[in-house]
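Visitor: I have the sequence and the model open. Can we go through it piece by piece?
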Amino acid sequence: MAEELKLFRTWSSPYGFRVVHGLKIKGLEYETILEDLTNKSASLLEYNPTHKKVPVLVHNGKSICESLVILEYIDETWKHCPLLPQDPYDKAMARFWAKFGDEKVLPSIWSVFISQGKEQEEAVAPAVGNLKFLEELLKGKKFFGGKTIGYLDLAFGLLANLVNILEEIVDLKLVDAEIFPLLSAWMNNFSTDPVIKDCWPPRDKMVEKFKAMREPYLKKVA
Amino acid sequence: MASNEMKLLGAWPSPFVLRARIALNIKSVEYEFMEENVLVTKSDLLLKSNPVYKKIPVLIHGERPICESLIIVQYVDEVWASGPAILPSDPYDRAVARFWAVYLDDKWFPSLTAILMSDGEEAKKTALEQAIQGLDLLEEAFTKCSKGQNFFGGDKIGYLDIALGSFLGWVRVIQIMANVSLIDESKTPNLFKWAQDFSGHDAVKDVLPETDKLVEFSKFLVAKVKGSGTK
């Protein structure tokens with residue numbers, strides 16, 4: 001029976017790209033439906049009625065939502081090229097740090113991005129503090145998953161893509177290669193990995209988009 | 001410490017700690033429960049075991065700490081794989097259970113606590129509406145997940161039962177203190193019955209905090225939170 005596999009995402013959402021990369025690692029073929037979040041398709045609303053958000057993976061008519069839940073689903077359904085470690089403790093650690101990334105790392109980087117002046121200066125320390133945990137995790141490893149890209153690399157993947165776009169826009173270096181040698185190396189290794197490198201949203205469009213997202217926050221101070 | 005010794009750092013009122021306790025009970029795992037009085041002070045062991053969040057629960061297996069309640073539940077399920085399964089076996093059913101558990105923690109529980117903690121009647125009313133909407137969604141999810149049986153996990157309690165059931169004590173407290181009906185027999189009949197079945201389950205009944213004790217504790221907690229002016 002031919003499998004039906006569809007991914008609803010936007011052109012830019014990093015959460016969507018987690019799933020894109022996961023599907024690529026597994027070598028799976030699927031249909032992409034690009035959504036415009038200002039005009040959501042009827043299908044998206046049907047497949048994710050609770051949150052009406054992307055990404056949504058549809059497998060043989062059944063929808064799976066939330067990017068990290070989707071990654072675990074993919075990993076459990078197609079067992080080759082495992083994304084998560086096999087050992088329960090290592091798995092628990094991967095899940096813990098992925099959650100930390102979403103709950104703490106990304107919001108703290110965002111705070112730096114949307115603030116200015118003194119407020120921005122004060123936002124830097126917590127962001128750097130959170131990133132230091134990641135630097136520590138990479139000791140002795142090329143990827144968070146070890147020798148190859150795994151679940152945690154995919155979870156943090158948005159850092160490899162987004163951080164230097166945000167740094168460029170605000171003209172502020174957060175992941176300084178001297179302070180974060182391992183994390184800087186990881187960002188490069190991840191981005192240039194054959195599985196990942198052709199699967200990024202166009203950089204110029206991203207810069208344009210995030211500049212526009214920052215605008216309302218600048219107007220507040222003016 | 002022996003490599004298979006288990007300790008759980010927790011506190012009796014915490015629904016998150018309760019999740020870990022229920023999971024360990026399902027698997028009949030023996031462990032030492034170490035009560036933390038986190039509102040007063042945090043033990044050195046807690047600070048050392050969970051340097052990132054400094055929160056309970058923390059499960060310490062041998063020397064290794066595992067943090068975050070749902071991660072602990074999955075860990076227990078995977079280590080004691082020969083015991084009764086907590087997560088369903090089918091990947092899609094697992095994804096559904098995980099989805100709703102994330103929803104509970106990210107969206108539903110904050111609206112539940114906001115009923116007690118937020119300032120002003122408007123804010124409380126909005127929080128109540130959100131919490132009730134969430135329960136309507138869960139009533140629907142129950143029908144799909146339970147497949148005609150007593151629990152989200154089917155004929156036995158599973159991941160989503162634990163994720164939602166751990167909040168039942170607090171649901172009852174809020175019903176009393178805010179004088180509202182949340183899990184209502186006429187509006188969410190499945191959840192109403194489920195709540196009774198869950199609370200009476202062997203793995204749950206001895207660790208579920210008594211409602212009157214929780215009511216007393218919640219008065220103290222609300223006073224502390226509001227008194228300090230922080231959320």
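Visitor: Start with helix H7 of chain B, residues 168-177. Which residues are buried there?
Guide: In that helix Leu168(B), Gly169(B), Trp170(B), Val171(B), Val173(B) and Ile174(B) are buried. Bear in mind that this is a predicted model.

Visitor: What cut-off makes a residue buried?
Guide: Buried means under 20% relative accessible area.

Visitor: And what follows H7(B)?
Guide: Asn179(B) follows the helix, and its phi is positive, near 55°.

Visitor: Zoom out. How much of chain B counts as buried?
Guide: Of its 231 residues, 52%.

Visitor: What's the secondary structure count for chain B?
Guide: Chain B has ten helices and four strands. Along the sequence the pattern runs β-α-β-α-β-β-α-α-α-α-α-α-α-α.

Visitor: What are the overall dimensions of chain B?
Guide: Its C-alpha atoms fill a box of roughly 55 × 45 × 25 Å along the principal axes. The radius of gyration of chain B is 18 Å, which agrees with a compact globule, because one of 231 residues would have a value near 17 Å.

Visitor: How does the lining of the second largest pocket divide by class?
Guide: There are 22 nonpolar, ten polar and seven charged residues.

Visitor: What lines the largest cavity?
Guide: It has 15 lining residues, with Pro14(A), Phe17(A), Leu158(A), Asn161(A) and Trp200(A) nearest the centre. By class, the lining has nine nonpolar, five polar and one charged residues.

Visitor: Which helices supply at least two residues each to the lining of the largest cavity?
Guide: Helix H1 (14-25), helix H6 (151-170) and helix H8 (203-221) of chain A. H6(A) gives the most, with five residues. In terms of domains, at least three lining residues come from each of domain 1 (5-77) and domain 2 (88-221) of chain A.

Visitor: And which residues line the second largest cavity?
Guide: Ile109(A), Val112(A), Phe113(A), Val163(A), Leu166(A), Glu167(A), Val170(A), Leu172(A) and Leu174(A). That lining divides into eight nonpolar, no polar and one charged.

Visitor: Which helix gives the most to the second largest cavity?
Guide: H6(A), with four residues. Helix H4 (88-114) of chain A also supplies at least two.

Visitor: Last topic: annotation. What does UniProt list for residues 87-213 of chain A?
Guide: The record, an unreviewed entry, gives "domain: GST C-terminal" for that range.

Visitor: How much helix and strand is in residues 87-213 of chain A?
Guide: That stretch is 72% helix and 0% strand, and its end C-alpha atoms are 41 Å apart.

Methods: Residues are numbered from 1 along each chain as its sequence is written. Chains are lettered from A and ligands numbered from 1 in the order in which they are written. This is a predicted model: local features need pLDDT of at least 70, side-chain atom pairs count only at pLDDT 80 or more; totals for chains, interfaces and linings use all residues. Side-chain values use heavy atoms; hydrogens and water are left out. UniProt positions are given in the numbering used here, feature names are shortened, and annotations may be inferred rather than shown by experiment. On a 1 Å grid over the protein atoms alone, a cavity is a set of points where a 1.4 Å probe fits but cannot get out, and a pocket is an open set with protein on both sides within 12 Å along at least five of seven lines; lining residues have an atom within 4 Å of a point. Ala, Val, Leu, Ile, Met, Phe, Trp, Tyr, Cys and Pro count as nonpolar, Asp, Glu, Lys and Arg as charged, and the others, Gly among them, as polar. Domain bounds come from an automatic or database domain assignment. The radius of gyration is taken over C-alpha atoms; the globule rule is 2.2 Å times the number of residues to the power 0.38. Buried means under 20% relative accessible area, exposed over 50%, partly exposed in between (1.4 Å probe, protein chains only).
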